[in-house]
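Student: I am new to this structure and would like to learn how to read it. Could you take me through it feature by feature?

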Amino acid sequence: MKMVLFKSKIKWIVLLVLILSTGSLVIHLSITKFSSSSLLSYNPQTGGLTPLSIPQNPKKYVNSRLWGAVKPLKPLQPYVNPRSSFPAPKEKNNGYIYAKIFGGFDKIRSSICDLVIISRLLNATLVIPEIQETLRSKGVSSKFKSFSYLYDEEQFIASLKNDIIIVRSLPENLKAARKRNEFPTFKPKSSASPNFYIKDILPKLKKSKVIGLVLADGGCLQSILPPSMSEFQRLRCRVAFLALQFRSEIRVLGRQIIDRLRARGQPFLAFHPGLVRDKLAYHGCAELFQDVHTELIQYRRAQMIKQGILSEELSVDSYIRKENGACPLMPEEVGLLLRAMGYPYNITIYIAGSETFGGQRVLIPLHAMFANVLDRTSICTEQELSDLFGPETPAPPDSFQLPSPKSEEQLKKEWQRAGPRPRPLPPPPDRPIYRHEKEGWYGWIAETDTEPDPSLMDLRRQAHRLLWDALDYMVSVEADAFFPGFNNDGSGWPDFSNLVMGQRLYESAASRTYRPDRKLVAKFFNITRDNMYHPRHNWTVSVRQHLNKSLGEDGLIRQSLLSKPTSFISHPLPECSCRISSPKVQTPVKGNDGRYLYGGEDECPDWIQQGQQVVLLDSMGVDGSKNDDNESEYENDVVPQESDDSDGKSSFNLSMDQDDEWDPND
């Protein structure tokens, strides 16, 4: 009897479990049906997974505290028209200037701006400059000339026709003489003064009618010119922001990338890590990396010391340098800063820059913190990218050969003779040598002390990097927010992030461009080193306060102090902007040298005032209404973006920030 009752209870229990399981399954299927918009879906355009579908009302989901414009900077408008007499060039002038430009994307862009200024200063005709990274000897497609590989020649000539005369090549009767090196050639420094050209170069130009310039430092004229040459500064802006347009194929693909990033109706943030081998070597940041990458940086640093570029010790403490702000913010640290600001895990982050030293390994922590970390290779197809550089000569055959096998005794001797770190140890005798350890751009490290000369494919890839940087430059300028990993590095060379920040400042000063102080950020991380991923509340508030201040007036003043002495187009204020009159009157801020750091812009002409005044007053909420579309998810933690309680005046301490500038002898 008891056995029958026991079996009956088991049946009822089993039946109850089945009913509950069925109910649970129905509920889960219902939830899945109504929340399917949050599931991953395959996007054939990008060849990857799209985490979110387009919301019905995108504006509702945009947090204005994270993506909105910086209100105190809204009155700034682009204005590069001449303010005084600036007559057009004459057909008969002092002669021709031709130039060769060495270096990457940032040096090329900065050098071309300086070349136009020098041509105007010397009343000379400029020959379209040669970009050495794109010459035919490097395997670049015959479809392009040197300059046209990157920029639109027609646009360049037409945009500057009222400023200088530009020709595509020297007249036929002068080409032969140039091949025989009959014309004087100069290699000016990027800090050369206008007097150098007037006193030393102009007489020789008048005598020979042709001179050549070789530019390798990212420019040929000092960044900060006397106030009497403000029209030349505005000409620099016309070159950088109006005349230097990428060729049509680059512009079309760049626009497609931007459209694809915004296809879900959400804003996106562009991040440039700034991890470039030369700059890491210059500042002694080798110990931030591991193994082979540390050795590569140290080898390049030794080369710089030998060439006289650097006058320091080979081995320095990278962590002390980092605390002084001389080393980059690593992607992991940038991810933690963005999390502290309140950016959600599913925001879109675009990784800009053709080179990220350390490869994908250094980006792993950023990928772990944010779901949508993308770059051009994950947004574009391989065919779309390869179409940019056109038909090229076939790649040389693979000449790699496995090394001849070594005896067990030879392998043991090699292992015993291996020097101290950071040189990587050879593989243990019982492990085979893999192919990737013997070839590639770092394969020489374990075998020899001398870096091999670049192959044809290495040179070709350097040319391709110009195209990738051009695409990333377009995307970074148009991004809803921009975060630099390494700018104002103190090397004296122009850098990618600074150029992006300068163009964003010119085109839309109120766009969200972060300008972090790396020295202060290093102090923040030292405070919370043991609790990095779960920092205390007051640490998060301090980080937000610093980053929010960097968006506005304080950040602009710091940028002017640090970046403008190196490259004018990285901070084209006040010469290339004007200010719309607003309810809050700005008090100009001057530096110790008397130049305006902020607030010295002219008042905009009527045609700009009328077009922008209504939009400006509406967005600033002068009627006291609140324009935020959505509150922050950390509402109580948010620090205001601007100093409203100081009547728009900056709270920036000039003496403090000048002391904070990194000194290589520190």
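Tutor: Gladly, and let us begin with a term: a disulfide is a pair of cysteine sulfur atoms within 2.5 Å. Please keep in mind that this is a predicted model, where local features need pLDDT of at least 70, side-chain atom pairs count only at pLDDT 80 or more, and totals for chains, interfaces and linings use all residues. Residues are numbered from 1 along each chain as its sequence is written, and side-chain values use heavy atoms, with hydrogens and water left out.

Student: How many disulfides does a search of the whole structure find?

Tutor: It finds three. In one of them, Cys237 and Cys576 have their sulfur atoms 1.9 Å apart. The link of Cys237 and Cys576 is right-handed, with 90 degrees about the S-S bond. This pair joins distant parts of the chain, 339 residues apart: Cys237 sits in helix H7 (residues 230-243), and Cys576 in the loop between helix H21 (553-562) and strand S15 (577-579). Helices (H or I, at least four residues) and strands (E, at least two) are DSSP runs, numbered from the N terminus.

Student: Are Cys237 and Cys576 buried or exposed?

Tutor: Here is the idea: buried means under 20% relative accessible area, exposed over 50%, and partly exposed in between (1.4 Å probe, protein chains only). Cys237 and Cys576 are both buried.

Student: Which cysteine does a disulfide join to Cys285?

Tutor: Its partner is Cys327, with S to S 2.1 Å. The link of Cys285 and Cys327 is left-handed, with -100 degrees about the S-S bond. Here too the pair links distant parts of the chain, 42 residues apart: Cys285 is in the loop between helix H9 (277-283) and helix H10 (291-307), and Cys327 is in the loop between helix H11 (318-323) and helix H12 (331-341). Why does Cys285 count as buried? Because its relative accessible area is 0%. Cys327 is buried as well, since its value is 2%.

Student: And what do Cys578 and Cys604 form?

Tutor: They form a disulfide, with their sulfur atoms 2.0 Å apart. The link of Cys578 and Cys604 is right-handed, with 90 degrees about the S-S bond. Cys578 lies in strand S15 and Cys604 in the loop between strand S18 (602-603) and helix H22 (606-620), 26 residues apart. Cys578 has a relative accessible area of 0%, so it is buried; Cys604, at 4%, counts as buried. If you number the bonded cysteines of the chain in sequence order, the pairing reads 1-4, 2-3, 5-6.

Student: How do I read the faces of a helix?

Tutor: An α-helix has 3.6 residues a turn, so residues three or four places apart point the same way. Take helix H5 (residues 172-179), where Leu174, Ala177 and Arg178 are buried. Seen down the axis of H5, its buried residues fall within an arc of 100 degrees, so they line one face of the helix. That arc is taken from the directions from the helix axis to the C-beta atoms. On the other side of H5, Glu172 and Lys179 are exposed.

Student: Which strands do the buried residues of H5 pack against?

Tutor: They pack against strand S4 (96-101), strand S6 (130-131) and strand S9 (210-215), where contact means heavy atoms within 4.5 Å. Just after H5, Asn181 takes a positive phi of about 55 degrees.

Student: Where is the place of Ser511?

Tutor: Look in the loop between helix H18 (496-507) and strand S14 (512-513). Ser511 is buried because its relative accessible area is 16%. Not counting residues up to four places away in sequence, Ser511 touches Val70 and Arg504.
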